[in-house]
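Welcome, and please open your viewer.

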Amino acid sequence: MAVSKGSEPWILMVTARSPTNIAVIKYWGKRDETLILPINDSISVTLDPDHLCTTTTVAVSPAFDSDRMWLNGKEISLSGGRYQSCLREIRRRAGDVEDEKKGIRIRKVDWERLRVHIASYNNFPTAAGLASSAAGFACLAFALAKLMNIKEENGELSSIARQGSGSACRSLYGGFVKWVMGNDASGHDSIAVQLANESHWDDLVIIIAVVSSQQKETSSTAGMRESIDTSTLLHYRSKVVVPRRILQMEEAIRNRDFQSFARLTCADSNQFHAVCLDTSPPIFYMNDTSRRHVLLYSL
């Protein structure tokens, strides 16, 4: 088992910070609910972590008798399938860890028995449409990977973060990121790739206006499931519209073409809300303030 100098209890901690991301070509709909495999590619912009981010501290100690987590100061359950998937996949990849100063050595096999405590904090509203789960699961996967000395690149880690929240895979990179839907049933090829780093388009500024901090009435998970089952527009969008838009958006990003970038972003956002309205029963994510600003923009 893991050991330390003497018999005193010890603790190892790692703190990480991950930004949220805003999709410009949206992910909506899964072909596999367990592995969280999407029905289309998506592209997002990663925001500045100094403004919108999740900060997560993970700790391990032989004194811990169970995995536990606190979100924004309140303890939450880790019994859900998504948390368990992330913890299982991270532990499966864990390596040997040695801290010479503390006299601690943890072998790869020890991680199956050691428990972790997780404290996570969002500096923006949670579950209110600002991709808090994306930042949260990306930060969780990254922090645990550092704690357990996992050597895999961010692309591989993105496949783990994805199993917590689909969009989380994109928050492991800065700049402009594409989530490749992949084709394999195992999901090994459904990963995030960076299209351009954060310095590629220095004069692009994204303004986030929080008009309501209330949680969404329909969760993204429930909404996607209902759209998959009832919206014919969603399936046309994923097969016909999105593949063309992905290529156009990649070109706009590559050329820093703001006019095309803005047009494609607004068109895709409008179609997303059209899919929600095409869902039965219809889903409403826009509030009155959002609708007024969309109308003003279109005029």
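**Before you start**

This is a predicted model, in which local features need pLDDT of at least 70 and side-chain atom pairs count only at pLDDT 80 or more, while totals for chains, interfaces and linings use all residues. Residues are numbered from 1 along each chain as its sequence is written, and side-chain values use heavy atoms, with hydrogens and water left out.

Helices and strands here are DSSP runs numbered from the N terminus (helices are H or I with at least four residues, strands are E with at least two).

**Stop 1: helix 3**

Select residues 154-161, which form helix 3. How many of its 8 residues are buried? The count is 6, and helix 3 is mostly covered. Buried means under 20% relative accessible area, exposed means over 50%, and partly exposed is in between (1.4 Å probe, protein chains only). Colour G155, L157, S158, S159, I160 and A161 to see the buried residues of helix 3. They pack against helix 1 (81-93), helix 2 (132-147) and strand 13 (192-196).

**Stop 2: helix 1 and helix 2**

Now show helix 1 and helix 2 together. Their axes come within 10 Å and cross at roughly 25°. Axes are lines fitted to C-alpha atoms, for helices over the stretch in contact, and angles run from 0 to 180 degrees between N-to-C directions. Helix 1 and helix 2 are therefore roughly parallel to each other. For such labels, angles under 35 degrees count as roughly parallel, over 145 as roughly antiparallel, 65 to 115 as roughly perpendicular and the rest as oblique.

Helix 1 passes helix 2 in a right-handed crossing. A crossing is right-handed if the near helix is turned clockwise from the far one by less than a right angle, and left-handed if anticlockwise.

Which residues meet here? Show the side chains of R82, Y83, C86, L87 and I90 in helix 1, which meet F137, L140, A141, L144 and A145 in helix 2. By class, the contact of helix 1 with helix 2 has 9 nonpolar, no polar and 1 charged residues. Ala, Val, Leu, Ile, Met, Phe, Trp, Tyr, Cys and Pro count as nonpolar, Asp, Glu, Lys and Arg as charged, and the others, Gly among them, as polar. Contact means heavy atoms within 4.5 Å.

**Stop 3**

Select R162, in the loop between helix 3 and strand 12 (176-179). Is R162 buried or exposed? R162 is buried, with a relative accessible area of 1%. Leaving aside its neighbours within four places in sequence, R162 is in contact with L35, I36, L37, C169, W179, G187 and S190.

At 3% relative accessibility, S171 counts as buried. Beyond its neighbours within four places in sequence, S171 is in contact with P19, T20, N21, A134, A135 and A138.

**Stop 4: helix 5 and helix 6**

Move on to helix 5 (232-255) and helix 6 (258-278). The two pack at an angle of about 165°, with their axes 10 Å apart. Helix 5 and helix 6 are therefore roughly antiparallel to each other, and helix 5 passes helix 6 in a left-handed crossing. Residues making the contact include L233, R237, V241 and M249 of helix 5 and F261, L264, D268 and V275 of helix 6. By class, this contact of helix 5 with helix 6 has 11 nonpolar, 5 polar and 4 charged residues.

Click R256 in the loop between helix 5 and helix 6. Its phi is near 50°, a positive value in a residue other than glycine. R256 is partly exposed, with a relative accessible area of 44%.

**Stop 5: strand 11 and N72**

Finish at S120 in strand 11 (residues 115-122). At 5% relative accessibility, S120 counts as buried. Apart from neighbours within four places in sequence, S120 is in contact with residues including T54, M69, W70 and N72. N72 lies in the loop between strand 7 (68-71) and strand 8 (74-76), and its phi is near 50°, a positive value in a residue other than glycine. N72 is partly exposed, with a relative accessible area of 35%.
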